Protein chains: 2
Amino acid sequence: MKEKQKSEETRNRILEAAEECFTRYGYDSTGVAEICNTAGVSKGALYHHFPSKQAIFVEMFETWMRSFVAEMERIRDSAASVPAALLRMVKMTGLIFQTAAGQLPLFIEFLTKASRDPETWKATIAPYKFFRKFFADLIHQGIEEGTIQEVDPERIAKIIVAYGAGLVMQGVFDPEGGRWVDVGVQGIRLILKGIIKEGTG
Amino acid sequence: MKEKQKSEETRNRILEAAEECFTRYGYDSTGVAEICNTAGVSKGALYHHFPSKQAIFVEMFETWMRSFVAEMERIRDSAASVPAALLRMVKMTGLIFQTAAGQLPLFIEFLTKASRDPETWKATIAPYKFFRKFFADLIHQGIEEGTIQEVDPERIAKIIVAYGAGLVMQGVFDPEGGRWVDVGVQGIRLILKGIIKEGTG
DNA sequence: TGGATTAGACCGACCGGTCGGTCAGTTAGT
DNA sequence: ACTAACTGACCGACCGGTCGGTCTAATCCA
């Protein structure tokens, strides 16, 4: 049994080292050798645990995405109303800036890379489509609970996702540029103001 | 004089070929040899006209940026009011999707690349800061002309830039996903609705 | 129980290929 | 004759991935 434990430890070390290197240097600029050095592991070991460099990245990406989605769902299910949930979600993106700001350029790098490869592409936009549906459902829920006007949920979802994505991008590219959480909150307030039903908070 | 003409022609051919290749394959995946083939020019010629691959890209980037900025200023100076100008500017981003959609992943790729290199970085965020100032000034102008409430121009500029950037990203990554111009217009309308002074259009 | 056998974890030199960039040499305009 | 424009073979660095081999823990068999 000891061997299996050690094996899994090595695998995790590789994953962690990869995350560190990718975050610091980007995907392309990180050599497999660099990952191996950081993990204190040989190339053979790396290719024993993963079929390719890309596979390592994809696993990272999926793990990251899963935890992000889980957090969003947690907020949605625990908030008192849809507008309140939206507000709390923007605040959460603020947390992202603090804890994982370095990973976002990497994420974008992956997106651009995937955009050239039709195979990877479908898998990549899946989470994006998920979020659009996520917000569309949320808006729909708001309409049903009576806190939001009878707008087109799809349309509003696109606006919200656009705003969120842009916010994240600005946060990434100009971390010192201001209190992005506050900007985020005010922007969502502005959007909410336009679609909310009077008399609700 | 004939030589100088030919030289400039070659230079432009290289620039055009580079734009084509970069747009099609991305920056990293485009080899200098590929650019040379497309331009029908030898490697030596390319390095006679440009000091490096990156220099070619930077020149492309700056040219593109200049024309974009010029267009924005043209709209600003010819619109009847600030809200009207904003609305026309979103519509313009729609044109971008049509005419230069392929270049945007490239633009983003460059951003991520630049984010790792402190030297390139300052030059890269310069246009971004420019746009924030551009919109802040615009909002300020709107306040002075009496069409916009007394908001914080900087803050609103950040919201607008975030929304615009996110819109562009969505347009890039999901071109088939909907009528992005309409989404853009409605989003800006929503934002405007929150900051506009009553009784103006 | 203990020696033999097996299988998986791991090592690191090595490979084929690519890429950005160079340079000695050729051509053609002035 | 001189120079700018241009050629293309070539260089060294690098990179993702491979492969023959080593070590060790688990398993089998007598």
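A residue counts as buried when its relative accessible area is under 20%, and B:Gln170, with a relative accessible area of 3%, is therefore buried. The model in which this value was computed is a predicted one.

**B:Gln170 and its surroundings**

B:Gln170 belongs to helix H8 of chain B. When its neighbours within four places in sequence are left aside, the residues in contact with B:Gln170 include, from chain A, A:Tyr128, A:Arg132, A:Lys158, A:Val161 and A:Ala162, while chain B contributes B:Pro175 and B:Trp180.

**Packing of H8(B) against H9(B)**

Two packed helices are described by the angle between their axes and the distance between the axes. In chain B, helix H8 (residues 153-173) and helix H9 (residues 180-195) have axes that come within 10 Å and cross at roughly 165 degrees. Because angles over 145 degrees count as roughly antiparallel, H8(B) is roughly antiparallel to H9(B). The crossing of H8(B) and H9(B) is right-handed. On the side of H8(B), the residues that meet H9(B) are B:Ile156, B:Ile159, B:Tyr163, B:Leu167, B:Gln170 and B:Gly171, and on the side of H9(B) they are B:Trp180, B:Val183, B:Gly184, B:Gly187, B:Ile188, B:Ile191 and B:Ile195. Sorted by class, this contact of H8(B) with H9(B) comprises nine nonpolar and four polar residues, with no charged residues.

**Aromatic pairs**

Over all chains, a search of the whole structure finds 18 aromatic pairs.

| Pair | Centre to centre | Angle between planes | Arrangement |
|---|---|---|---|
| B:Tyr27 and B:Phe57 | 5.3 Å | 70 degrees | edge-to-face |
| B:Phe131 and B:Phe134 | 6.5 Å | 75 degrees | edge-to-face |

The pair of B:Tyr27 and B:Phe57 links distant parts of the chain, 30 residues apart: B:Tyr27 is in the loop between helix H1 (2-25) and helix H2 (32-39) of chain B, and B:Phe57 is in helix H4 (residues 53-78) of chain B. Both B:Tyr27 and B:Phe57 are buried.

B:Phe131 and B:Phe134, by contrast, lie in helix H7 (residues 118-145) of chain B, and because they are three residues apart there, about one helical turn separates them. B:Phe131 has 9% relative accessibility and so counts as buried, and B:Phe134, at 4% relative accessibility, likewise counts as buried.

In chain A, ring pairs join A:Trp64, A:Phe68, A:Phe130, A:Phe131, A:Phe134 and A:Phe135 into a cluster.

**A:Phe131 and the fold of chain A**

One member of that cluster, A:Phe131, is found in helix H7 (residues 118-145) of chain A and is buried, with a relative accessible area of 9%. Apart from neighbours within four places in sequence, A:Phe131 is in contact with A:Met65, A:Phe68, A:Val69, A:Met72 and A:Val161. A:Phe131 and A:Lys158, which are 27 residues apart in sequence, are 9.4 Å apart in space, C-alpha to C-alpha.

Chain A as a whole has nine helices and zero strands, and from the N terminus on its elements run α-α-α-α-α-α-α-α-α. The C-alpha trace of chain A spans about 65 × 40 × 35 Å along its principal axes, and 50% of the 201 residues of chain A count as buried. Among contacts in chain A between residues at least 6 apart in sequence, 65% join residues at least 24 apart.

How values were computed:
Residues are numbered from 1 along each chain as its sequence is written. Chains are lettered from A and ligands numbered from 1 in the order in which they are written. This is a predicted model: local features need pLDDT of at least 70, side-chain atom pairs count only at pLDDT 80 or more; totals for chains, interfaces and linings use all residues. Side-chain values use heavy atoms; hydrogens and water are left out. Axes are lines fitted to C-alpha atoms, for helices over the stretch in contact, and angles run from 0 to 180 degrees between N-to-C directions. Helices (H or I, at least four residues) and strands (E, at least two) are DSSP runs, numbered from the N terminus. Angles under 35 degrees count as roughly parallel, over 145 as roughly antiparallel, 65 to 115 as roughly perpendicular and the rest as oblique. A crossing is left-handed if the near helix is turned anticlockwise from the far one by less than a right angle, and right-handed if clockwise. Contact means heavy atoms within 4.5 Å. Ala, Val, Leu, Ile, Met, Phe, Trp, Tyr, Cys and Pro count as nonpolar, Asp, Glu, Lys and Arg as charged, and the others, Gly among them, as polar. Rings of Phe, Tyr and Trp (its six-membered ring) pair if their centres lie within 6.5 Å; planes under 30 degrees apart count as stacked, over 60 as edge-to-face and the rest as tilted. Buried means under 20% relative accessible area, exposed over 50%, partly exposed in between (1.4 Å probe, protein chains only).
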